[in-house]
Amino acid sequence: MADIATQSTPEPVVRLRNVTKIYDGQHALRDVSLDVHRGEFLTILGPSGCGKTTILRLMAGFEGATSGSVAIDGRDVTGLPPERRNVNTVFQSYALFPHMNVFDNVAFGLRMKRRPAAEIAREVGDTLRLVQLEGFEGRMVGKLSGGQQQRVAIARAIINRPLVLLLDEPLSALDYRLRKQMQLDLKHLQRKLGITFVLVTHDQEEAFSMSDRVVVMNNGHIEQIGTPVSVYEEPCNLYVARFVGEINIIDAEVVEPGEGRARVRAQGLDVFMRAGHAFKAGDKAHILLRPEDLRVETLKDLAEDPELEDAFSRGRSIFGSVEETIYKGATYDVVVRLDAGGVVTATEFFNEDDETVYFRAGDRVAVSWVEGWEVVLPYEK
Amino acid sequence: MRNDGFFKRAVIIGTVGWMAVFAFVPNILVFLASFCSTSSENFIEPGFSLHNFARLMDRTHLEILLSSLRLSGLVTFICLVTAYPFAAILARTRKPLRGTLLLLVVIPFWTNSLVRTYAMTAMLNSSGIVNNVLMSLGVIDAPLAMMYTPGAVVLGLVYTLLPFMILPLYAALERLDRRYLEAARDLGASPWRAFWRVIVPLTMPGIVSGCMLVFLPGIGMFYVSDVLGGAKAMLLGNFIRDQFLTTRDWPLGAAASVTLTVLMVLMLLLYWKSAARLGKEAA
């Protein structure tokens, strides 16, 4: 994977270089290099145990790297304790001090800096207004709802004006609706404050809706770094493709490699497809297609409607039989068993004009997609 | 199901009955006795006066009370500062080793504490282990007089009561979420300030219950004072025992007992109040 870091702005706010972390003989991180740009919203995305929280803890200073270096604001912070780093953390379970009220929790950081009481009172008031918790100063944190505790945790961190705000799965304890709202609030807050946010999550939807860049991690290393669009549309390998959303994978064989494209044979097709990787003739490959990019029509409809057939076959069609349809509310999934082996799922919108158009199990269908929307990757075991 | 009900009732009645006969009734008797007087014919002459409590307030008795409180306070303090770091380390130790360390804390309970107190004399007397070692090392020329000093009593009490401080502190520290400490450090607190601002307040219930479990017995454990402190009555417990067994002034002993009980109740109330406040905040 090409390292985005090498083409980044001159001075990243956080720079990890070849960081390896070993816990009890197990690699939590394996030679990870990552630059966090000033002012961006970066999300580290991956399943539990992939090392994403370890990266956050290394930045915060709760852990030291086994090897490699961490620099914040151009300065190596190896051995620097958390209290002397200009970053703050919003913890997964918030870790609000239960023996203090909202005011004392939020004021904690400024008190540690021994700021004058009047200034602290003013700052706490301003910060609580920012997170819409005015008037909650005297409440004990245990009496607050999850969403309110979350906002206290954010206020307690941002009042210190950190260079980077680290957020460790901050929304995982909230219910779906509140989580959606907080995603928006966090994004707006980040724009307003101009603070760099580094967020850790296992929820790809959350990562995509908030971030400027997404880092996809797996098993202690980085698989891909990029904008949400590039990660979703151009996954660099099967792991990333599968982790971010649904994906159809069709086995193929490269017949003739070319510049930025390759002639590929699969499912009775033998056509040129867009391909970023360098293939040799005879290489096995995967064709990756998102379900929402696939179109499905019955052979019967195509035979009856030459115009539709014309439009349809301008794409590339593969054939199969409908196995089942799954109702999803706004959309439905059509599961098609392909004639040449394999199964693909296509997501279809309901046709407002013709409600009778619905696929039945056993229907003979053609599956097609717009040329260039496929991703061709080297074969992986 | 019927058997279950019977068993449940039997256990409850048994326990309540036992407590009534052997704890509640004697305490009531002591309470009543504290208002009576004594005569040459009877240990207890029925009547009602606060005379005994007034006698407790005279100088010599007050001095015994105060010195006993002081001694027990010192013991509590030593136990607290010794047990806290130990409990903190214990709470962070990995599982198998932690079990072993906890076992070591508990093992002394397997021997009667009176026996253990006598065993201490073998260590502290002029031909005891401590003196022998120090003399053979050349640190001292003549044996130190350690027995029958307040120091020996303090040592004996600390030795006996230390586990009662360690266990509640361990429970509190083990329950403490490490993230609170991390949050404090993250927000700019040095380890020292994080300790005082976050860890101590959050483990206060453990600190209070440990202190009570040490301080209250520390006032009453007369046999430690008897064995290691000699004839001097250093603890309130010695004084009470003497009133019943030596001076035969039961009402005065009863009054001292009641005073001690009231002291305990007051401290329990204090503890409950602080625990309830902390619990409310933590909930």
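Domain bounds come from an automatic or database domain assignment. The model is predicted: local features need pLDDT of at least 70 and side-chain atom pairs pLDDT 80 or more, whereas totals for chains, interfaces and linings use all residues. Residues are numbered from 1 along each chain as written, chains are lettered from A in the order in which they are written, and side-chain values use heavy atoms, without hydrogens and water.

**View 1. Domains of chain A.** Chain A is assigned domain 1 (4-241), domain 2 (246-288) and domain 3 (291-370). The centres of domain 1 and domain 2 of chain A, taken over C-alpha atoms, are 40 Å apart.

**View 2. Where domain 1 of chain A meets domain 2 of chain A.** Contact (heavy atoms within 4.5 Å) involves five residues of domain 1 of chain A and six residues of domain 2 of chain A. The buried area (accessible area, 1.4 Å probe, that two parts lose on being put together, summed over both) is about 460 Å², with 61% on carbon and sulfur atoms. On the side of domain 1 of chain A, Glu234(A), Leu238(A) and Ala241(A) lose the most area, together 74% of what that side buries. One salt bridge is found across this interface (a side-chain nitrogen of Lys or Arg within 4 Å of a carboxyl oxygen of Asp or Glu). Arg274(A) and Glu234(A) form a salt bridge, with 2.9 Å from N to O.

**View 3. The interface of chain A and chain B.** Here 30 residues of chain A are in contact with 23 residues of chain B. About 2400 Å² is buried between the two chains, and carbon and sulfur atoms give 57% of this area. Glu83(A), His99(A) and Met112(A) lose the most area in chain A, together 27% of what that side buries. Three salt bridges are found across the interface of chain A and chain B. In the salt bridge of Glu83(A) with Arg185(B), the closest N and O atoms lie 2.7 Å apart.

View 4. Strands are DSSP runs (E, at least two residues), numbered from the N terminus. Strand 1 (residues 14-23) and strand 2 (residues 26-36) of chain A run antiparallel and are joined by seven bridges; two strands pair if DSSP finds at least two bridges between them. Arg15(A) has Asp35(A), in strand 2 of chain A, as its bridge partner. Two residues lie between the strands of this hairpin, where Asp24(A) takes a positive phi near 45°.

How values were computed: Helix = DSSP H or I, 4+ residues; strand = E, 2+ residues; numbered from the N terminus.
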